[in-house]
Amino acid sequence: MKNSRRKFLTSVSMLAATTALPLEAFAFNATKKLSVVLVGTGIRGITFWGKRLIDQYSDIIEFVGLSDINPSRLAYAKTYIGASCPTFSDFEEMVKTTRPDLVIVTTKDSTHHQFIIKGLEMGCDVLTEKPLTTDETKCQSILEAERKSKKNLIVGFNYRWSPYATKIKELLMNKTIGDLVSVDFNWYLNTYHGASYFRRWHGDMNSSGSLWVHKATHHFDLLNWWINSEPEEVFAYGDLEFYGKNGPFRGDNCRSCQHSSKCDFHWDINQDKFMKALYVDHEHEDGYIRDNCLFREDIDIYDKMSAQVKYADNTTLNYSLTTYSPFEGWRVAFNGTKGRIEASQDIPYFKESSISEAEKHQKEMTQTDQEDLSFESIIVHPLWQPHKTLAVPMEKSGHGGGDKRLQDKIFRTSEIDDPYGRTAGIRDGAMSILIGIAARRSIENKKTIQISELTDLKPRKQRS
Ligand SMILES: NC(=O)c1ccc[n+]([C@@H]2O[C@H](COP(=O)([O-])OP(=O)(O)OC[C@H]3O[C@@H](n4cnc5c(N)ncnc54)[C@H](O)[C@@H]3O)[C@@H](O)[C@H]2O)c1
């Protein structure tokens, strides 16, 4: 057990890129498993960071506490995860009582900072789900808490770990197209996945920071990592033109809606046993409705977003995010001094797809180790030469195979050097949300926003 625990703690230190703690700073215990508490027992918490950790890493990890503001969901979560630990409604009491090595934060986005800061102050390493947080003030507080703490903070960026994203990184690192000059990136959320954000707390700017932060943090993190520089200035447009107040009708929630027969988005949550057991059965406690009407008047986030970003090394980025596309997919193109790379996933016109859009969303959110392997191509087109098409083996579940690789890196293979630098620390977490926060400000103020205006982080020409 000693080695596993040492490996994990080494990993936390390496993953938290900005805090180069000497390894001997950690105290090791010869017999104990790594003790973990989790706060936020919603779908991401109980599936990916709960049940999957127990299923895959029980030999080295032990849950010692679970916490949530909804006591009834908390009780369900404990059974679903298969943990035998106590549950707590009070996070601080949980940490005081259980003295964990690691706090995992999977609450709603706007509350992450409370548990990150408290966890660090109380002497724990902290692993938070993305996004790091939702605004620049909370971001600055997290930066300061982390600097004061002797402990480490990891942001769980899973997209970097998919084999497809890694292949793009490898091509760019090898200067396949010379020096990078500009990037075009478009992400298309379909009418299942895109709509799902407008059904619940993500539709409230104060809870999610909008999809500029909640969703685009994934994209901006990938881009920052691929481009290997830090964002310097941002100009953006965005609007709400489809969901929310724009809908033709609205009801209290989907399951009971009088307009269900004419609404293309109708979804009966009670038909989905798992969603009912996780959300509907506990809504009497806190009023958290998982199948809210996506045309409700108080939605205040954007449903179309586009931005231009200039990086500190002068690379320029054109970015857009669509939330009601007929298909789910994305494409990216890199222009370099020696050629161009084009990559895309799930564009239906480029291939024969055997799964429906509804299934696609289901698969992405699933954690399975059983895979149907497929291939997606990346096009490399050098100047003055014919293009080459590279076939990259693909997985569909768990965010393109990124989920399980991220956990393996943290808990099992931390000592193996990663040539692609896929581990993300607090600076990466901050830089990816600061683009989205700057985009929001740019829309509100109709002007270009400097990233250096937002926190005390000054953009670096090259990511460290
Ligand atoms: N990396 C990924 O691909 C990925 C995928 C899905 C979700 N996430 C992230 O995981 C987090 C959770 O998302 P989810 O879809 O599971 O949401 P969810 O709404 O299903 O779960 C959130 C849980 O947090 C609890 N909670 C809210 N405020 C709290 C507080 N102050 N104290 C304690 N508990 C509180 C809620 O009761 C709920 O049980 C989010 O930050 C989200 O961005 C990441």
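Is Tyr159 buried or exposed, and what is its relative accessible area? Tyr159 is buried, with a relative accessible area of 8%, where buried means under 20% relative accessible area, exposed over 50% and partly exposed in between, with a 1.4 Å probe and protein chains only.

The views below show a predicted model, in which local features need pLDDT of at least 70 and side-chain atom pairs count only at pLDDT 80 or more, while totals for chains, interfaces and linings use all residues. Residues are numbered from 1 along each chain as its sequence is written, and side-chain values use heavy atoms, with hydrogens and water left out.

**View A. Tyr159 and Trp187 form a stacked ring pair.** Rings of Phe, Tyr and Trp (its six-membered ring) pair if their centres lie within 6.5 Å, and planes under 30 degrees apart count as stacked, over 60 as edge-to-face and the rest as tilted. By this rule the count comes to 29 aromatic pairs. The centres of the Tyr159 and Trp187 rings are 5.7 Å apart and their planes lie at 20 degrees, so the pair is stacked. Tyr159 sits in the loop between β6 (153-156) and α7 (163-173), whereas Trp187 belongs to strand β7 (residues 180-190), and the pair thus links distant parts of the chain, 28 residues apart. Trp187 counts as buried, at 5% relative accessibility. Ring pairs join both residues into a cluster whose members include Phe220 and Trp226.

**View B. Helix α11 spans residues 216-227.** Helices (H or I, at least four residues) and strands (E, at least two) are DSSP runs, numbered from the N terminus. The 12 residues of α11 reach 16 Å from the first C-alpha to the last, close to the 16 Å expected at 1.5 Å a residue, the expected span being 1.5 Å times one less than the number of residues. Of its 12 residues, 12 are buried, among them Phe220 and Trp226. Asn228, which follows α11, has a positive phi, near 65 degrees.

**View C. The second largest pocket holds about 360 Å³ of space.** Of the 15 residues that line this pocket, the closest to its centre are Lys175, Leu180, Ile227, Asn228 and Asp313. The largest share of the lining, three residues, comes from α7, and α7 and α11 each supply at least two residues. On a 1 Å grid over the protein atoms alone, a pocket is an open set of points where a 1.4 Å probe fits, with protein on both sides within 12 Å along at least five of seven lines, and lining residues have an atom within 4 Å of a point.

Methods: Grid points are joined across faces, edges and corners, and a volume is the space filled by probe spheres set on the points.
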